Amino acid sequence: MGKEFSFQWHITDFCNLRCKHCYQDIFDRSRELTYDRLIHIIQDISGFLKEQGFERLSINITGGEPLIYPYINPILKALDEIDIIDEINIITNGIIMPDIVLKGRYERLKYLKVSLEGAREETNDLIRGRGIFKRVIGNLKNTNYNFLLMFTLAKYNYRELDDMYRLSQNLGAKGFILERFIPLGEGSKIKDMVLNSKDWYQVVDRVATWADLTVEDLLPYKAFYIDFEENRILGALCNLGESCAVMPNGDVYPCRRFPLVLGNLSQESFSKIYPKILDFRANFTKGKLKGKCFLCAMEDCIGCRALSFSLFSDSFAEDYQCWL
């Protein structure tokens with residue numbers, strides 16, 4: 001497999017919801033760049049990666065809510081013409097019917113990734129607002145686009161895992177994704193909803209039964225993708241150094257959940273920022289980590305540095321959710 005890179009592209013902060021767990025604390029269009037500037041950024045990133053021998057680039061377009069961004073169709077059309085781009089996904093709250101907004105069938109657009117906060121109306125609407133669950137479910141039943149469901153796990157929903165599985169299947173999703181709540185932005189107001197190590201163990205233990213594995217097999221993974229199309233379950237390791245997040249004003253974060261600015265693509269080229277992404281990841285060696293992460297013998301795991309930073313303002317602190 002050739003070299004690949006991915007990034008989460010926040011093209012706008014503007015959103016039609018105010019979810020209680022949101023990473024954002026800005027919800028207007030004040031940080032948006034012009035369409036021409038956005039195209040320059042993607043050409044800069046893709047051109048540099050191609051020069052460096054990368055063969056594949058995957059992009060998750062999000063916001064805010066990307067389906068209310070006025071230039072979403074021209075952006076998708078431009079991305080469709082860049083050969084190194086292997087896959088585009090749109091992360092959306094599902095409030096707007098995509099079949100009305102999206103004006104074409106884009107070759108590289110693989111999935112809509114639709115966010116829900118639970119398999120039950122009362123759970124979801126506690127976080128996303130009254131009536132949102134029914135509205136999103138209705139849209140999904142009437143869309144012709146392939147979609148995945150995305151669940152962000154916290155204390156208010158992690159016991160609904162089997163129901164999330166059934167809901168995803170019943171709606172015709174191609175699979176679903178399980179991620180963890182990390183308190184940033186608006187979400188910092190409900191920091192007490194972060195899963196502790198016992199809670200996360202229960203999540204991983206349940207996923208292990210679906211995959212016919214042991215919980216120890218899944219220890220290093222921080223998110224899971226249950227893929228119905230390929231009948232498999234994939235775990236996601238920390239992807240620092242292999243990915244990044246690009247914010248509406250061009251700021252580059254090492255991870256969306258790690259709001260440290262490594263550079264700005266409206267002011268400098270990706271060739272200057274990419275080495276900073278690698279250096280940032282290289283900084284987290286076992287010898288620098290603290291607590292049980294310092295002592296851990298698992299080579300491929302550095303815990304979740306973003307979670308440590310958000311909870312303790314210390315990116316080297318031990319992983320709060322590790323049960324070892």
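Visitor: Is Phe270 buried or exposed, and what is its relative accessible area?
Guide: In this predicted model, a residue counts as buried when its relative accessible area is under 20%. Phe270 falls on the buried side of that cut-off, because its relative accessible area is 0%.

Visitor: How many residues apart in sequence are the parts that the pair of Phe48 and Phe270 ties together?
Guide: The structure holds 24 aromatic pairs. In the pair of Phe48 and Phe270 the ring centres lie 5.7 Å apart and the planes stand at 80°, so this pair is edge-to-face. Since Phe48 belongs to helix H1 (residues 35-51) and Phe270 to helix H8 (residues 270-282), the parts tied together are 222 residues apart in sequence.

Visitor: Which residues do ring pairs link into a cluster, and which charged end sits over the ring of Phe54?
Guide: The cluster linked by ring pairs consists of Phe5, Phe48, Phe54, Phe270 and Tyr274. Over the ring of Phe54, at 4.3 Å from its centre, sits the charged end of Lys3.

Visitor: Why is the pair of Phe284 and Phe316 called tilted?
Guide: Planes under 30 degrees apart would count as stacked and those over 60 as edge-to-face, with the rest called tilted. The rings of Phe284 and Phe316 have centres 5.0 Å apart, and the pair is tilted because the angle between their planes is 45°.

Visitor: What covers the buried residues of helix H4?
Guide: Helix H4 spans residues 121-128, and its buried residues are Thr123, Asn124, Asp125, Ile127 and Arg128. Their cover includes strand S4 (109-116) and helix H5 (132-141).

Note on methods:
Residues numbered from 1 in each chain as written. Predicted model: local features only at pLDDT ≥ 70, side-chain atom pairs only at ≥ 80, totals over all residues. Heavy atoms only, no water. Buried < 20%, exposed > 50% of the residue type's maximum accessible area, 1.4 Å probe, protein only. Helix = DSSP H or I, 4+ residues; strand = E, 2+ residues; numbered from the N terminus. Contact = heavy atoms within 4.5 Å. Phe/Tyr/Trp six-rings, centres within 6.5 Å; stacked < 30°, edge-to-face > 60°. Lys NZ or Arg CZ within 6 Å of the ring centre and 35° of its normal.
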